[in-house]
Amino acid sequence: MVEAQFGGSWMNEVAGELIQTTFREAIGSQGLRPAVDPRVQHKPFGRGEQLEYIIEFEIYPELKRPDLTGERIERPVVEITE
């Protein structure tokens, strides 16, 4: 009776938590830095079935620091008058 009344919402809550947890693990293991919140699509599933989902997200690009050895940087000087 309880499962019939709350089963759907309970399953969706568990699916959401699983998706968040596995997403964090996946981006952490790959060293990715998401730039935006992910778009999640999951297939319908039932009790005892595997949860399948697709996540789309953008990541920050890898920026390499340029070698500035030997470069000179000039700072402009500003005079403030009355």
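Reply: Let us begin with a term: buried means under 20% relative accessible area, exposed means over 50%, and partly exposed is in between. Please keep in mind that this is a predicted model.

Me: Does E56 count as buried, exposed or partly exposed?

Reply: The relative accessibility of E56 is 37%. Since buried needs under 20% and exposed needs over 50%, E56 counts as partly exposed.

Me: Which side chain meets that of E56 in a salt bridge?

Reply: Side chains of opposite charge can pair when their charged atoms come close. For E56 the distance from N to O is 3.4 Å, and a salt bridge requires these atoms to be within 4 Å. E56 lies in strand β2 and its partner in strand β1, so the pair ties together parts that are 17 residues apart in sequence. The partner is R39.

Me: How far apart are the closest N and O atoms in the salt bridge of E52 with K43?

Reply: E52 is partly exposed at 40%, and K43 is partly exposed as well, with a relative accessible area of 48%. The closest N and O atoms of E52 and K43 are apart by 3.3 Å.

Me: Which kind of aromatic pair do F23 and F57 form?

Reply: A pair of aromatic rings is described by the distance of the centres and the angle of the planes. For F23 and F57 the centres are 5.1 Å apart, with 80 degrees between the planes. Because planes over 60 degrees apart count as edge-to-face, the pair of F23 and F57 is edge-to-face.

Key:
Residues are numbered from 1 along each chain as its sequence is written. This is a predicted model: local features need pLDDT of at least 70, side-chain atom pairs count only at pLDDT 80 or more; totals for chains, interfaces and linings use all residues. Side-chain values use heavy atoms; hydrogens and water are left out. Rings of Phe, Tyr and Trp (its six-membered ring) pair if their centres lie within 6.5 Å; planes under 30 degrees apart count as stacked, over 60 as edge-to-face and the rest as tilted. Helices (H or I, at least four residues) and strands (E, at least two) are DSSP runs, numbered from the N terminus. Buried means under 20% relative accessible area, exposed over 50%, partly exposed in between (1.4 Å probe, protein chains only).
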